[in-house]
Amino acid sequence: MAFSPASLPILKGIPHFLLLSLLFTLAMACGDKKDTKTASMDEDIAPPADALFQKVPSSASNLHFKTQFQEDFFNNIVRNPNFYNGGGVGIIDINNDGLQDLFFSSTTGECKLFLNEGNLKFRDITATAGVATPEGFKTGVSVADVNGDGWSDIYVCRAGLKEGDQRRNLLFINNKDNTFTESAKAYGVDDPSPSNHSNFLDYDLDGDLDLYVINFPTDFSLAHKMDLEQLPDGKIVRNTKPRTEFDSDRFYRNNGNGTFTDVSKQAGIQNRAFGLSSIVQDWNGDRYPDILVANDYIEPDFLYINNRNGTFTDQAKTSFRHMSNHTMGRMRWTSTATASRISWDWICSRKTTNGKRTEYRYENRSVQNAQQLRVSSANDAQCAATQ
């Protein structure tokens, strides 16, 4: 008797590539088991003499955290390819003492907040701070002074395949006493869509922070096939319009009174893609923040240029010669912006023949020709990428 995955009701609607991946994983798991001791070998590897960073063990820092993945029949890697993406980390000074504290989001477990007590020693204050949030599928974390009171707050995105309150995003407002109050609904930013990440930015330069939220469809059958539509004139184009009310990214305008308004449509944010991350930066040097969104699978990335009138225009196709497929993240450049130009630079480091490490700084001097780079600190073309 022939077997077909479609012959089993439980497997209907699951993409074939996921089924193949699952079968391969099961086959590997049934093979010979390797020595599990190799998993901890990195603990014994000594760093090189010229290491730029020093490892601080958890026994010294008191940072004890492990994200949790609780799978069941409905929530698992087969139905949700984003299941093992992991959560976010937020660096925040919760008590304004000048020391950076740490917030960790756990996918299906409890989040953790660690207070920096100096000398890289931390204390777990999760229970008293009120930010554990064991419910829902937590993803990205953003830290910002949302209400403009001089104290940093925490915004946590949540995802998942099921609609409901446990998928709504969370906003923890700093009470200025090492505790937080969850206030997303009161502020109007409890986004109900499956979200991966968010950015706070002052898009209208009115002095308060607005909010961009990356959402994605739960229909992963669209991940590897192009959605096309035919226009009245017969031309066939890509259909990137949202299919459901939860598909599109969202933009929230800060009203300046402790509330936000969803102005996504007015701002020109109506899309459908599997976004993973984003950065905010003045891309064209006009002093207004723009948004670059990294999209997974076959959908191109978004480059939303600020039109300085409360709207954005996606200019990715006209701004990039090439675009990555399955984009995971975006690098933030060190930038210096003026009204006439913006420059980005970064460091390339390599070892020379005598074993010493040499650094080369590359600076992009022109927005009009972003691929032309020059070496500004050494005459070496080995790391340069002039085109």
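Strands β10 and β13 run antiparallel and are joined by 3 bridges, where helices (H or I, at least four residues) and strands (E, at least two) are DSSP runs numbered from the N terminus, and two strands pair if DSSP finds at least two bridges between them. The structure is a predicted model, in which local features need pLDDT of at least 70 and side-chain atom pairs count only at pLDDT 80 or more, whereas totals for chains, interfaces and linings use all residues. Residues are numbered from 1 along each chain as its sequence is written, and side-chain values use heavy atoms, with hydrogens and water left out.

Within the pairing of β10 and β13, L211 stands opposite Y252 in β13. On β13 there is also a pairing with strand β14 (residues 260–262), antiparallel and extending over 3 bridges, in which R253 has T261 of β14 as its bridge partner. β13 and β14 form a hairpin with 5 residues between them, and G256 in the turn has a positive phi of about 80°. Strand β13 (residues 250–254) is largely enclosed by the rest of the structure, because 4 of its 5 residues are buried (buried meaning under 20% relative accessible area, exposed over 50%, and partly exposed in between, with a 1.4 Å probe and protein chains only).

Aromatic pairs number 17 in a search of the whole structure; rings of Phe, Tyr and Trp (its six-membered ring) pair if their centres lie within 6.5 Å, with planes under 30 degrees apart counted as stacked, over 60 as edge-to-face and the rest as tilted. Y212 and Y304 form a tilted pair, at 6.3 Å centre to centre and with 50° between the planes. This pair links distant parts of the chain, with Y212 in strand β10 (residues 210–215) and Y304 in strand β17 (residues 302–306), 92 residues apart. Y212 counts as buried at 0% relative accessibility, and Y304 is buried with a relative accessible area of 3%. The pair of W283 and F320 is edge-to-face, because the ring centres are 5.6 Å apart and the planes stand at 80°. W283 lies in the loop between β15 and β16 and F320 in the loop between α6 (316–319) and β19 (334–337), 37 residues apart. W283 is buried, with a relative accessible area of 15%, whereas F320 counts as partly exposed at 23% relative accessibility. One aromatic cluster is formed by Y203, Y212, F251, F302, Y304 and F312.

Charged side chains also lie over aromatic rings, the criterion being NZ of Lys or CZ of Arg within 6 Å of the ring centre and within 35 degrees of the ring normal. The charged end of K162 sits over the ring of F74, 4.7 Å from its centre, and R167 lies over the face of F246 at 5.0 Å from the ring centre.

The chain averages a pLDDT (the predictor's confidence in each residue, from 0 to 100) of 80, and 73% of the residues score at least 70.
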